[in-house]
Amino acid sequence: MKKTGQLIVGFYAGIITVAFLMLFYSFKTLDTNYEEITVKRINIIDDNGVNRMIISNQERMEPPILFGKKYKRALNPAGIIFYNEKGDECGGIAISKNPETNTYALAFDYDNADAIGLLTQQNRNTNAYKSGIVINDKDLSGKIGGNTNRINLMTENGNSSLVINGPDEKPRIILSVDSTGNPMIKMINNDGKLIKEIDSFK
């Protein structure tokens, strides 16, 4: 019986020794330089274990987290998501696609939704495209995803424009140059009526 007990103690001592050696080796290799790694997702956390950045493929991308609550994305992108000190999403780089359109975006957020974004889209079937900057006002009610679009600087299928919207998201000033090079300025009132137009060809 004494011999059996010694064998059991020796067996567990051996396991613990191997475990410590593996742990030591793991910590030792943390400072190793790698020329290339292949992963599906990387979580970068702070000292409290809160996610501050996630780099992920499309399948493993984290859903949006706002005020500590998770929401469903319209499309799951591959890319990078940034988080504030509370663990809420505050921006990111997204590479996504649906059956027709490729979308690439860089966005920074208010605490409830997008604040400013750089956007590029291209339809794979028609070659229609657009690229530009979108700037939103914050919805002070705190509605999730409910911010107000105010400024769009965009080029779309050869037509470039700066559109400044009112608080109702309807255009008030439009500065544009079309695909033939014709510049135009339009001013629109609260009722959507054109009150001033400057067209170089008129």
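## Surface and overall make-up

The accessible surface of the protein chain is about 14,400 Å², and carbon and sulfur atoms hold 59% of it. Areas follow the Shrake-Rupley method with a 1.4 Å probe; for residues, only the protein chains shown count as cover.

This is a predicted model, where local features need pLDDT of at least 70, side-chain atom pairs need pLDDT 80 or more, and totals for chains, interfaces and linings use all residues. Residues are numbered from 1 along each chain as its sequence is written, and side-chain values use heavy atoms, without hydrogens and water.

The protein chain has 1 helix and 14 strands. These are DSSP runs numbered from the N terminus (helices H or I, at least four residues; strands E, at least two). Of the 202 residues, 24% count as buried (under 20% relative accessible area; exposed is over 50%, partly exposed in between; 1.4 Å probe, protein chains only). Among contacts with a separation of 6 or more, 19% link residues 24 or more positions apart (contact: heavy atoms within 4.5 Å).

## Strands 7, 8 and 9

Strand 7 (101–109) and strand 8 (114–123) run antiparallel, joined by 9 bridges. Pairing takes at least two DSSP bridges between two strands. A hairpin of 4 residues connects strand 7 to strand 8. A107 stands opposite G117 in strand 8.

Strand 8 also runs antiparallel to strand 9 (129–137), with 7 bridges. Here L119 stands opposite G132 in strand 9. The hairpin between strand 8 and strand 9 has 5 residues between them.

## Positive phi

Most residues other than glycine have a negative phi. N127, in the turn between strand 8 and strand 9, has a positive phi of about 65°. N127 counts as exposed because its relative accessibility is 53%. F67 is not a glycine either, yet its phi is about 55°. F67 sits in the loop between strand 3 (65–66) and strand 4 (69–70).

## The largest pocket

The largest pocket has a volume of about 1,100 Å³. A pocket is an open set of points on a 1 Å grid over the protein atoms alone, where a 1.4 Å probe fits, with protein on both sides within 12 Å along at least five of seven lines. Points are joined across faces, edges and corners, and the volume is the space filled by probe spheres set on them.

Its lining has 35 residues, and R73, E89, A107, D109 and D114 are the closest to the centre (lining: an atom within 4 Å of a point). Strand 8 gives the largest share, 7 residues. The lining divides into 18 nonpolar, 11 polar and 6 charged residues (nonpolar: Ala, Val, Leu, Ile, Met, Phe, Trp, Tyr, Cys, Pro; charged: Asp, Glu, Lys, Arg; polar: the others, Gly among them).
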